[in-house]
Every structure is written in structure tokens, then in C-alpha cells.
Amino acid sequence: MTTIAWDGKTLAADSLATSSGMVVSTNEQKIFVPQGEDWTVNGHPVAAFATAGDCGCEFEIAELLKEGITYSTKYSPAFDFACIIITEDNECVLLYKDAGSEFAKISRQDSFYAIGSGFAIATTAMHLGKSAIEAVNAAIQIDTSSGGDVSAFTIYHTLQRDKL
């Protein structure tokens, strides 16, 4: 499957793709950023998202983010996925959807989080003070369904002060 981790600043993902227990790619893109498009979730602009689950779900998610994902958004029943969405104001939104369902579970996450087959390893690593990148690398060492290189997206904010 995969390992994707968010540590409050950086979203990191492995690049291994498997199907029916076989490796199909070691260079799979799992983190996506809007390319000249406006994406929103619950009215908040999206900076990036990453998916674990069925191949192709990332295209549906990107298309729906253009329209604006909310709690009432309908999805294709074909896909099973978990998704971490990072908003431009540094909020982490989780989407979970089971195959056969037209609706996803959506919630906010206030601390670090991981999804995919290596989630327990990555979560443990972050509990021990490791970054999202280090957490995904730890999962790659142990989880047979995670591998390849680690890609990352880091959100930076500039603190603005009102003039006195």
C-alpha cells in the first residue's frame, strides 16, 4: 500500500505502488499540489493532499477539490482510499472512503497523523520526535508495502504583524 505522514509542517510519502501483492511502481506520485487551480475543502484553500488506497482515486479527489469538497460531496463508489489534505492555513483534514460508498468520512486532525499500511510505524516514529520524512523512512525499513524514495511538501507561513 503506502505510508503517508503529516507532522504539522511537512507532508511526506513513500513512492511504492503495489497491486495484488506485486510491485507495480517504485516511483509513484502520492503528494499533489494545485497547479494554477483553486482547490478547497470545507471552504478552506488547499495547499496539498496525499492519498493511500486504490490507484486513480487521486484524480477524482483533485477534480472534486476544484468544485470544493464538503461533508456532502458525492464520490464514485469504485474507490477505497484514505487522504490527508493540508490547507493553506495549516489545517489537516482527513478523508476516508470505503469502496461501494458514495460518501467519505471527513474530519480535522489537530496533531501529527499517518495513513497507509505503514501508519503504525510512522505514528510511533513521530511520537518519538521524528519528522514526517523520518517517519516515512522508518516505515519503509519495516513495512513490506512501503518503499521507494520519500517525497515531501512543507508548508511555510510568514508571521504578519499589524503596524502599531
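Biologist: In which sense do strand 2 and strand 12 pair, and over how many bridges?

Modeller: Strands of a sheet pair through backbone hydrogen bonds, either parallel or antiparallel. Here strand 2 and strand 12 pair in the antiparallel sense over four bridges, where pairing requires that DSSP finds at least two bridges between two strands, and Ala12 has Ala152 in strand 12 as its bridge partner. Helices (H or I, at least four residues) and strands (E, at least two) are DSSP runs, numbered from the N terminus. This is a predicted model, in which local features need pLDDT of at least 70 and side-chain atom pairs count only at pLDDT 80 or more, while totals for chains, interfaces and linings use all residues. Residues are numbered from 1 along each chain as its sequence is written, and side-chain values use heavy atoms, with hydrogens and water left out.

Biologist: What is the order of the strands in the open sheet, and which are the edge strands?

Modeller: The order is 11-1-2-12, with antiparallel pairing, and the edge strands, each pairing on one side only, are strand 11 (113-116) and strand 12 (151-154).

Biologist: Why do the buried residues of helix 3 line one face?

Modeller: In helix 3 (residues 132-142), the buried residues are Ala132, Ala135, Val136, Ala139 and Ile140. Seen down the helix axis they fall within an arc of 145°, so they line one face, the arc being that of the directions from the helix axis to the C-beta atoms. Their cover includes strand 1, strand 2 (10-13) and helix 2 (119-127), whereas the face turned away carries the exposed residues Gln141 and Ile142.

Biologist: How many residues has the largest nonpolar core?

Modeller: In soluble globular proteins, nonpolar side chains tend to be buried together. The largest core here has 20 residues, and Phe49, Leu65, Ile69, Ile85 and Leu95 have the most contacts inside it; a nonpolar core is a set of buried Ala, Val, Leu, Ile, Met, Phe, Trp, Tyr and Cys residues joined through side-chain atoms within 4.5 Å. Helix 1 gives the largest share of this core, five residues.

Technical notes. Buried < 20%, exposed > 50% of the residue type's maximum accessible area, 1.4 Å probe, protein only. Contact = heavy atoms within 4.5 Å.
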